[in-house]
Amino acid sequence: MSSNNNVLVKMNNAGYRHNDKWLVQGVSLSVERGKIVTLIGPNGSGKSTTAKIALGILKKIDGHVEKYTNKIGYVPQKISVDWTLPLRVYDFMILTENLDEKTIDEALSLTGVIHLKDKSLGNLSGGEFQRVLLARAISKKPELLVLDEPVQGVDFTGEIALYELIKKISDELNCGILLISHDLHTVMSATDHVVCLNGHVCCSGTPIDVAKNTEYKALFGEQASQILTRYEHKHDHVHTIEGEIKKN
Amino acid sequence: MFDDFFIRALVAGLGVAFVTGPLGCFVVWRRLSYFGDTLAHSALLGVTIAYSLEFNIALSVFIISSLIALILVQLQNRTNLPGDALLGLLAHSSLAVGLVVIGFLTFIRFDVMGLLFGDILAVTVDDLYIIWIGGALILLILRLIWKGLFASTVNYELAEAEGLNPDRAKAIFTILIAAIIAISIKMIGLLLITGMLIIPAAMARNISDSPQKMIIYSIIGGLLSVIIGLFSSLEFNTPSGPSIIAAALFLFVISLFKIKQTIKLKN
């Protein structure tokens with residue numbers, strides 16, 4: 001990857017240690033404008049930790065991180081909001097930046113939750129809350145989006161639509177996206193660069209490179225490898241329920 | 001106009017209520033009520049130091065309370081004791097040391113009850129200046145750190161990731177708590193200041209659905225508590241602090257009925 005002025009965040013051999021245990025170490029990656037970088041890896045492989053290092057949430061780190069933008073939208077993996085606070089979706093949308101009504105409405109419409117604008121945040125379902133989180137992150141038109149499992153708890157059709165939306169946002173805003181997902185299946189079609197983590201960078205490259213990598217196969221199994229590569233060929237046919245193959 | 005002690009007390013109390021309203025909401029949201037208590041207890045030490053060195057009381061209390069807050073942060077970083085144990089340790093030891101120091105100051109007549117529970121007779125015209133100018137400064141600073149403080153109250157990581165510097169906001173907020181304790185100790189007394197922060201905010205939580213509304217109701221609740229409390233204090237010759245807090249409790253109880261009604265309406 002080149003180090004031109006399109007780079008939004010650059011990690012060099014970064015790592016984080018908690019109570020003498022390495023959560024992740026030796027991670028080098030950079031996110032550029034208009035590119036989607038996806039972090040994959042099993043549970044506890046340090047995906048969220050890597051995102052928090054990139055965002056500067058974790059302070060005492062090993063190695064280096066350089067951020068070249070302050071316009072950041074973040075969807076954390078876990079968010080525990082304290083309900084002693086009366087908070088509507090609207091209040092949450094302007095949490096870190098004041099936005100006008102039109103911008104807020106647009107973002108909420110994009111993720112399909114405009115009808116929840118005046119509802120209390122505490123009364124939303126998991127999937128609805130996730131859509132609000134995503135709307136909030138994109139509404140401020142960030143240069144860098146960090147999405148940690150952004151569609152968890154969202155229903156299946158919504159999941160696909162939201163991934164398409166993420167891809168569209170990346171194109172329209174020309175922002176860089178650092179995406180974390182364990183859902184290999186859906187993510188890969190849009191990704192420019194995949195980093196496979198397992199406490200360290202186990203392999204990285206284009207989706208097809210990673211899928212062929214033997215370490216990746218060892219980590220996720222042969223089947224996962226097929227999921228990835230499937231996205232690399234064009235579908236010129238569909239499978240009917242009866243098992244027939246129809247040309248498009 | 002300020003010749004009458006009661007008018008002075010009323011003006012002072014209303015000034016305090018304007019500041020405790022919004023600060024109290026943050027104390028409730030951030031679960032800092034025991035922390036506020038600890039700083040208030042340490043205020044006694046500040047008062048005794050002020051007397052023995054013939055120093056301004058509000059300033060002395062402010063310095064000691066801020067110092068206790070700093071010590072707390074250090075203890076949290078250096079020991080494995082839980083936060084509430086550290087708070088208890090600081091609260092009661094600073095209260096005890098303050099009372100011991102009073103014992104040594106035999107040359108001054110101390111109204112310990114007035115310190116603990118507030119004394120409307122004690123409010124001077126100088127105190128009014130301190131309360132209104134200090135209070136306006138506190139509110140102004142709160143306005144400046146609002147975005148970062150509020151965002152980190154909702155979620156620390158979001159605030160940090162999106163560049164709002166929540167650690168700085170938190171440190172400044174702690175100083176603001178020490179400041180409101182310093183300027184309101186004469187009115188309400190150190191044992192009850194936390195009540196003035198928490199009870200109107202708790203009342204407001206019962207009847208609001210947005211943070212802005214909660215802050216406005218919290219201020220109104222505080223103002224009403226001061227008015228009702230001081231008038232009854234005059235009428236029944238009761239200490240001012242407890243009377244104000246009792247009035248706040250009265251408003252809180254009324255707000256509970258409002259909740260019942262809304263639940264009924266929903267059904």
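## Asparagine 155 in chain B

Let's start with N155(B), which sits in the loop between α6 and α7 of chain B. The helices named here (H or I, at least four residues) and the strands (E, at least two) are DSSP runs, numbered from the N terminus. This is a predicted model, in which local features need pLDDT of at least 70, side-chain atom pairs count only at pLDDT 80 or more, and totals for chains, interfaces and linings use all residues. Residues are numbered from 1 along each chain as its sequence is written, while chains are lettered from A and ligands numbered from 1 in the order in which they are written.

Is N155(B) buried or exposed? N155(B) counts as buried because 21 C-beta neighbours lie inside 10 Å. The rule is that a residue is buried if 20 or more other C-beta atoms lie within 10 Å of its own, exposed if 12 or fewer, and partly exposed in between, with C-beta atoms placed from the backbone. Its C-alpha atom is separated by 9.7 Å from that of P166(B), 11 residues apart along the chain. Leaving aside neighbours within four places in sequence, N155(B) is in contact with I79(A) and V81(A); being in contact means that the C-beta atoms, placed from the backbone, lie within 7 Å.

## Where the two chains meet

Those two partners belong to chain A, so what does the whole meeting place look like? On this interface, 20 residues of chain B are in contact with 19 residues of chain A. The elements of chain B that give two or more residues to this side are α1 (5-29), α6 (125-154), α7 (156-161) and α10 (211-236). Of these, α7(B) gives the most, with 5 residues.

By class, this side of chain B divides into 10 nonpolar, 5 polar and 5 charged residues. Here Ala, Val, Leu, Ile, Met, Phe, Trp, Tyr, Cys and Pro count as nonpolar, Asp, Glu, Lys and Arg as charged, and the others, Gly among them, as polar.

## Two helix pairs in chain B

Two packed helices are described by the angle between their axes and the distance between the axes. Take α1(B) and α6(B): their axes come within 10 Å and cross at roughly 15°. Axes are lines fitted to C-alpha atoms, for helices over the stretch in contact, and angles run from 0 to 180 degrees between N-to-C directions. That makes α1(B) roughly parallel to α6(B); angles under 35 degrees count as roughly parallel, over 145 as roughly antiparallel, 65 to 115 as roughly perpendicular and the rest as oblique. The crossing is left-handed, a word used if the near helix is turned anticlockwise from the far one by less than a right angle (right-handed if clockwise). Among the residues that meet are F18(B) and W29(B) in α1(B), and W132(B) and L142(B) in α6(B). This contact has 17 nonpolar, 3 polar and 2 charged residues.

For α2 (33-53) and α4 (83-104) of chain B, the axes come within 8 Å and cross at roughly 20°. These two helices, α2(B) and α4(B), are therefore roughly parallel to each other, and their crossing is left-handed. The contact is made by residues including Y34(B) and H41(B) of α2(B) and D84(B) and H92(B) of α4(B). Its classes are 12 nonpolar, 7 polar and 2 charged.

How does the span of α3(B) agree with what it should be? The 22 residues of helix α3 (residues 57-78) of chain B should span 32 Å at 1.5 Å a residue, and the end C-alpha atoms are 31 Å apart, which agrees. The expected span is 1.5 Å times one less than the number of residues. Buried residues of α3(B) include I57(B), F62(B) and L72(B), and what covers them includes α2, α4, α6 and α8 (166-188) of chain B.

The 26 residues of α10(B) reach 36 Å from first C-alpha to last, close to the 38 Å expected. Among its buried residues are P211(B), Y217(B) and L230(B). Just after α10(B), N237(B) takes a positive phi of about 55°.

Most residues other than glycine have a negative phi. E54(B), however, has a positive phi of about 50° although it is not a glycine. E54(B) lies in the loop between α2 and α3 of chain B and is exposed, with 7 other C-beta atoms within 10 Å.

In chain A, N19(A) also has a positive phi, near 50°. N19(A) is in the loop between β1 (7-18) and β2 (21-32), and with 5 C-beta neighbours inside 10 Å it counts as exposed.

Technical notes: Contact = placed C-beta atoms within 7 Å.
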